[in-house]
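Here is a friendly briefing to read alongside the model. Have the viewer open and follow along, topic by topic.

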Amino acid sequence: MINIMEVTETNKMVEKENLDVRTITMGINLLECASPDLKSTCDNIYNKITTLAKDLVKTGEDIAREFGVPIVNKRISITPISLVGGACCKTSDDYVEIAKTLDKAAHTVGVNFIGGYSAVVSKGMTRSDELLIRSIPKALKETELICASVNVGSTKTGINMDAVKLMGEIVKETAHLTKDNDSIGCAKLVVLCNAPDDNPFMAGAFHGVTEDDAIINVGVSGPGVVKYALESVRGESFEVLCETIKKTAFKITRVGQLVAQEASKRLGVPFGIIDLSLAPTPAIGDSVADILEEIGLERAGAPGTTAALALLNDQVKKGGVMASSYVGGLSGAFIPVSEDQGMIDSVEAGCLTIEKLEAMTCVCSVGLDMIAIPGDTKATTISGIIADEAAIGMINQKTTAVRVIPVEGKGLGETVEFGGLLGYAPIMPVNQFDCSAFVNRKGRIPAPIHSFKN
Amino acid sequence: MKKCVITVVGKDTVGIIAKVCTYLAESKINILDISQTIVSGYFNMMMIVDIANTTKSYDEILENLDKLGEGIGVSIKCQKEEIFDMMHRI
């Protein structure tokens, strides 16, 4: 039978070390909602979401109360809307109508976010993909709970550079349209390479076409728990360090597995995957950067950071894989700048640059995340940043992403406040040299060769 | 059988166990196991209980225990046992 030490350990993780289940995300297939008529498509979408997800929030709250573990977010991911709206949307404004419907449905069921205002254009863009992409700035301006994402490349297809170029412009336009709120629209827009179909985390969540009609995916968290566990092994060998991370990851993931099974049973929706990610929040002690410091770096960004992060990410997976029956999604340590107090401190101390963050994304998920950059950064420069990240993903067969916020009207030395889980961020400098001739070439970067790995 | 874990943490005082046990008896909650320690003056108790035959709803139990704890000056939590089993048993 369970003993008092084990009970105390679990409760300490929740009460003092910020252990939580970050999100229960219900994936919903909307393909059957498509019709040639915009209004009936919107009605179908609204009805399907509000029927399937009507008990999602309450179920999440019940589970949290009964087991004594906080479940921070309840979310919905949906079929990429460019596929659903293809038949009925003749203009970008038609897509904005669908966005408003999604926003209304999200409000009705009470979820925190709905992700899947998306297009998957890793090789080419259809007319409807392009209409959706061009509608993103307005959709994000006129809605509250929508998250948009565009997949611009994959290891199998290469990188769609026309989409990369377009996304640089779309990010800028989104920043402009939401300039009154520190360009916050860009915090809900992510550009991916190798996007997974079952990701429960925003802003990149969508319900891929390989999925069931509805599914429950769960994202666990707990950087604080790992950090506290590592405090007890200071100065020990790498073997002890790695074992400690693995054991902790196992325990954290088991909580996610339990919550996912319960939610799946109570909602009558199959269990999909557990996403084994260490997701930080701006709360003190809930930081991935703090773990890196505990491993032995003065600050995140110091030499050794990439190696420490690689080690951390790998051990979290090794511990987590055994704790869960199905693992998927992004599964890796997140290194968003604005959502991690330790990362913010490192940037402010001059220790962490975009270039170092880019190196870190080679060994962890997911990419350049929640980075505020000067508002006068050129669209082609943003496209260049996106292309670099996509190339890392394409060559290394991993998911990578870019979520940068060119904060209109702000420059170096200023700070931007997003609030809530999105946190705040100092504006980071961007390399000023030009890449427009590269970005403006037409076409795509071919898929990479899968041999001669060097 | 529906097992739950009740934890009581707070400053040690006379009659904590008596009050909690009285409430559980009144609510037809069966106690399966109790362990208790004092760590630096702080009272730490864990009970494994069976709520299968209780007359009250789960939410009611949580609320009552919360109020009871407030009265004694301790914090009382009740959680379903699976969370601990999942985390500490393979």
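Strand 1 (residues 21–28) of chain A is mostly covered, with 8 of its 8 residues buried. Here a residue is buried if 20 or more other C-beta atoms lie within 10 Å of its own, exposed if 12 or fewer, and partly exposed in between, with C-beta atoms placed from the backbone. Helices (H or I, at least four residues) and strands (E, at least two) are DSSP runs, numbered from the N terminus.

This is a predicted model, in which local features need pLDDT of at least 70 and side-chain atom pairs count only at pLDDT 80 or more, while totals for chains, interfaces and linings use all residues. Residues are numbered from 1 along each chain as its sequence is written, and chains are lettered from A and ligands numbered from 1 in the order in which they are written.

- Strand 1 of chain A runs antiparallel to strand 7 (residues 214–220) of chain A, and 7 bridges join them; two strands pair if DSSP finds at least two bridges between them.
- Within that pairing, A:Ile24 has A:Val218 as its bridge partner.
- Strand 1 of chain A also pairs with strand 2 (residues 71–78) of chain A, in the parallel sense and over 7 bridges.
- There, A:Gly27 stands opposite A:Ser77.

**Two helices of chain A**

- Helix 14 (residues 379–396) of chain A has 18 residues, which at 1.5 Å a residue should span 26 Å, and its end C-alpha atoms are 26 Å apart, in agreement. The expected span is 1.5 Å times one less than the number of residues.
- Among the buried residues of helix 14 of chain A are A:Ile382, A:Ile385, A:Ile386, A:Glu389 and A:Ala390.
- The buried residues of helix 5 of chain A include A:Tyr95, A:Glu97, A:Leu102 and A:Val109.
- A:Gly110, with a positive phi near 85°, follows helix 5 of chain A.

**The nonpolar core**

- The largest nonpolar core has 173 residues, and A:Val152, A:Val255 and A:Val259 have the most contacts inside it. Such a core is a set of buried Ala, Val, Leu, Ile, Met, Phe, Trp, Tyr and Cys residues joined through C-beta atoms within 7 Å.
- Helix 9 (residues 238–267) of chain A gives the largest share of this core, 10 residues.
- Beyond its neighbours within four places in sequence, A:Val152 is in contact with residues including A:Val121, A:Ile159, A:Met167, A:Ile386 and A:Ala390; contact requires C-beta atoms, placed from the backbone, within 7 Å.

**Backbone points to check**

- Most residues other than glycine have a negative phi, and most peptide bonds are trans.
- The peptide bond from A:Met202 to A:Ala203 is cis, with omega near 10°, and A:Ala203 is found in the loop between strand 6 (189–193) and strand 7 of chain A.
- A:Asn18, not a glycine, has a positive phi of about 60°; A:Asn18 lies in the loop between helix 1 (4–16) and strand 1 of chain A.
- A:Asn18 counts as buried because 23 C-beta neighbours are inside 10 Å.
- A:Gln397 has a positive phi near 55° and follows helix 14 of chain A.
- With 12 other C-beta atoms within 10 Å, A:Gln397 is exposed.

**Chain B: strands and record**

- Strand 3 (residues 42–50) of chain B pairs with strand 1 (residues 3–11) of chain B in the antiparallel sense over 9 bridges.
- Strand 2 (residues 30–39) of chain B is also antiparallel to strand 3 of chain B, joined by 9 bridges.
- B:Tyr42 is the bridge partner of B:Lys11, and B:Val39 stands opposite B:Tyr42 as well.
- Strands 2 and 3 of chain B form a hairpin with 2 residues between them, and B:Ser40 in the turn has a positive phi of about 35°.
- UniProt, in an unreviewed entry, places the feature "domain: ACT" at residues 5–79 of chain B; its positions are given in the numbering used here, feature names are shortened, and annotations may be inferred rather than shown by experiment.

**Where the chains meet**

- 21 residues of chain B are in contact with 19 residues of chain A.
- Helix 3 of chain B supplies the largest share of the chain B side, 7 residues.
- B:Phe84 is in helix 3 of chain B and is buried, with 25 other C-beta atoms within 10 Å.
- Setting aside neighbours within four places in sequence, B:Phe84 is in contact with A:Ile2, A:Glu6, A:Val7, A:Thr10 and B:Val5.

Notes:
Contact = placed C-beta atoms within 7 Å.
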